[in-house]
Amino acid sequence: GRRAEMKTMSAIGLAIPLSGLLASGGLAIGGLGSTASGALAGTLLASASWWVLQLLGRRLVKARSRVRPVAAALIGAKLAVMAGLTWVVIGPLGFDGIGVAVGIGSLPLGIIAAACLLGPDAWGAGLDLAEGAGKDA
């Protein structure tokens with residue numbers, strides 16, 4: 001139900017920056033300071049992406065059928081904005097591209113880590129909410 005969904009979303013929201021910080025720390029300990037800085041920047045991007053995706057995803061699931069295409073388009077726009085921000089971080093701001101990629105990788109890693117830690121009860125947490133998605137209010 002809703003409680004399991006919130007627990008899962010909270011766990012993912014914590015696992016993303018934690019995995020990025022661990023990766024960045026490992027790179028720093030390994031003597032790769034500029035790559036570690038890039039990983040921190042990428043982790044910030046991944047965390048922001050998760051926050052926006054979570055916000056838009058909730059609205060998409062709850063939206064009336066006429067509003068759903070707009071909400072889906074906003075998710076696509078989010079991807080374009082994140083790509084642009086990634087370019088800014090690597091290009092004009094000069095962060096290490098490999099490090100940024102490592103940090104952005106904390107998004108899927110955080111999702112997988114949270115799912116593994118929470119177990120099977122968390123894997124279908126959003127399904128109860130999605131089942132009502134086809135019903136117009």
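**Figure 1. V89 touches A41, L45, G94, F95 and V100, with residues up to four places away in sequence not counted.** Contact here means heavy atoms within 4.5 Å. The model is predicted: local features need pLDDT of at least 70, side-chain atom pairs count only at pLDDT 80 or more, and totals for chains, interfaces and linings use all residues. Residues are numbered from 1 along each chain as its sequence is written, and side-chain values use heavy atoms, with hydrogens and water left out. V89 is found in helix α3; helices (H or I, at least four residues) and strands (E, at least two) are DSSP runs, numbered from the N terminus. V89 counts as buried because its relative accessibility is 10%. The term buried means under 20% relative accessible area, exposed means over 50%, and partly exposed lies in between (1.4 Å probe, protein chains only). One of the contacts of V89 is A41; the two residues are 48 apart in sequence, yet their C-alpha atoms are 7.4 Å apart in space.

**Figure 2. F95 lies in the loop between α3 and α4 (97-104).** F95 counts as partly exposed because its relative accessibility is 31%. When neighbours within four places in sequence are left aside, F95 is in contact with S37, G38, A41, V89, I90 and V100. The C-alpha atoms of F95 and T35 are separated by 7.8 Å, although these residues stand 60 apart along the chain.

**Figure 3. The buried residues of helix α4 are G99, V100 and G103.** They lie on the same side of α4, because they cover an arc of only 100° around the axis. The arc is that of the directions from the helix axis to the C-beta atoms. An α-helix has 3.6 residues a turn, so residues three or four places apart point the same way. The buried residues of α4 pack against α2, α3 and α5 (106-118). At the start of α4, a side-chain oxygen of D96 comes within 3.3 Å of the backbone nitrogen of I98.

**Figure 4. The second largest pocket has a volume of about 170 Å³.** The elements that give two or more residues to its lining are α2 (33-62) and α3 (68-90). A pocket is defined on a 1 Å grid over the protein atoms alone, as an open set of points where a 1.4 Å probe fits, with protein on both sides within 12 Å along at least five of seven lines; lining residues have an atom within 4 Å of a point. Grid points are joined across faces, edges and corners, and the volume is the space filled by probe spheres set on the points. The lining of the second largest pocket is formed by L45, A46, S49, K78, L79, M82, A83, T86, I104 and L107. Helix α3 supplies the largest share, five residues. By class, seven of the lining residues are nonpolar, two are polar and one is charged. In this scheme, Ala, Val, Leu, Ile, Met, Phe, Trp, Tyr, Cys and Pro count as nonpolar, Asp, Glu, Lys and Arg as charged, and the others, Gly among them, as polar.

**Figure 5. S106, in helix α5, and S19, in helix α1 (residues 2-29), are shown together.** S106 is buried because its relative accessible area is 2%. Residues up to four places away in sequence aside, S106 touches I16, S19, G20, T43 and A46. S19 is likewise buried, with a relative accessible area of 13%.

**Figure 6. R58 has its place in helix α2, and G76 has its place in helix α3.** R58 counts as partly exposed because its relative accessibility is 22%. Leaving aside neighbours within four places in sequence, R58 is in contact with R2, E5, M6 and M9. The C-alpha atoms of R58 and A71, which are 13 residues apart along the chain, are separated by 9.6 Å. G76 also counts as partly exposed, at 39% relative accessibility. Between G76 and L53, 23 residues apart in sequence, the C-alpha to C-alpha distance is 10.0 Å.

**Figure 7. The protein chain contains seven helices and zero strands.** Along the sequence, the protein chain follows the pattern α-α-α-α-α-α-α. Of the 137 residues in the protein chain, 28% are buried. Among the contacts in the protein chain with a separation of 6 or more, 76% join residues 24 or more positions apart.

Key
A polar contact is a pair of N or O atoms within 3.5 Å; within protein, one must be able to donate a hydrogen and the other to accept it, and residues adjacent in sequence count only if both atoms are side-chain atoms.
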